[in-house]
Amino acid sequence: MRTNNKFTALIVDDDENFATLLRIRLKGWRPNISIDHAENLDEARDHLSRFDRQYDLVILDHNLPDGHGSELFDLPVLSDSTVLAVSADDTPELPGVAIKA
């Protein structure tokens, strides 16, 4: 949720280069954006469990070191967030998993 009209985003991706590219692109789109980064599911859950933190945008990688990003889809804290699922995996079932969520 926006606090003080500041757009907030969480990038959940273990590829630091990709996360950096996303940060640059998001800052170009919205210079005042507040961006957090998690490299795995545990870190993402930690960010999402903070009661004062509702993200406007969550960019979520599917293949993470400790599981699949889709495990976070059903968390109530994401109900008001826009979630963008990304993956370098070309498995045909992945888009269906994301759409069902």
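This report describes the confidence, the nonpolar cores and the salt bridges of a predicted model.

## Confidence

The protein chain has an average pLDDT of 85, and 80% of the residues reach a score of at least 70. Over residues 94-101, however, the pLDDT is below 50, and this stretch makes 8 contacts in the model beyond its near neighbours in sequence.

In soluble globular proteins, nonpolar side chains tend to be buried together. In this model the largest nonpolar core has 13 residues, of which L10, V12, L48, V58, L60 and L72 touch the most other members. The elements that give two or more residues to this core are β1 (8-12), α2 (41-49) and β3 (57-61), and α2 gives the most, with 3 residues.

Leaving aside residues up to four places away in sequence, V12 touches A38, N40, A44, V58, I59, L60, D61 and L64. There is also a second, separate core of 11 residues, which includes F7, L22, L57 and V86.

## Salt bridges

Side chains of opposite charge can pair when their charged atoms come close. The structure holds 4 salt bridges. In one of them E16 pairs with R23, with the closest N and O atoms 3.5 Å apart; E16 is partly exposed at 35% relative accessible area, and R23 is partly exposed at 25%.

Within helix α2, D42 and R45 lie 3 residues apart, about one turn of the helix, and their side chains meet in a salt bridge at 3.9 Å, N to O. D42 counts as exposed, at 54% relative accessibility, whereas R45 is partly exposed, at 33%. A network of salt bridges links D42, R45 and E71. D46 forms a salt bridge with R50, where the closest N and O atoms are 3.3 Å apart.

How values were computed:
Residues numbered from 1 in each chain as written. Heavy atoms only, no water. pLDDT = per-residue confidence, 0-100. Contact = heavy atoms within 4.5 Å. Core = buried A, V, L, I, M, F, W, Y, C linked by side-chain atoms within 4.5 Å. Buried < 20%, exposed > 50% of the residue type's maximum accessible area, 1.4 Å probe, protein only. Helix = DSSP H or I, 4+ residues; strand = E, 2+ residues; numbered from the N terminus.
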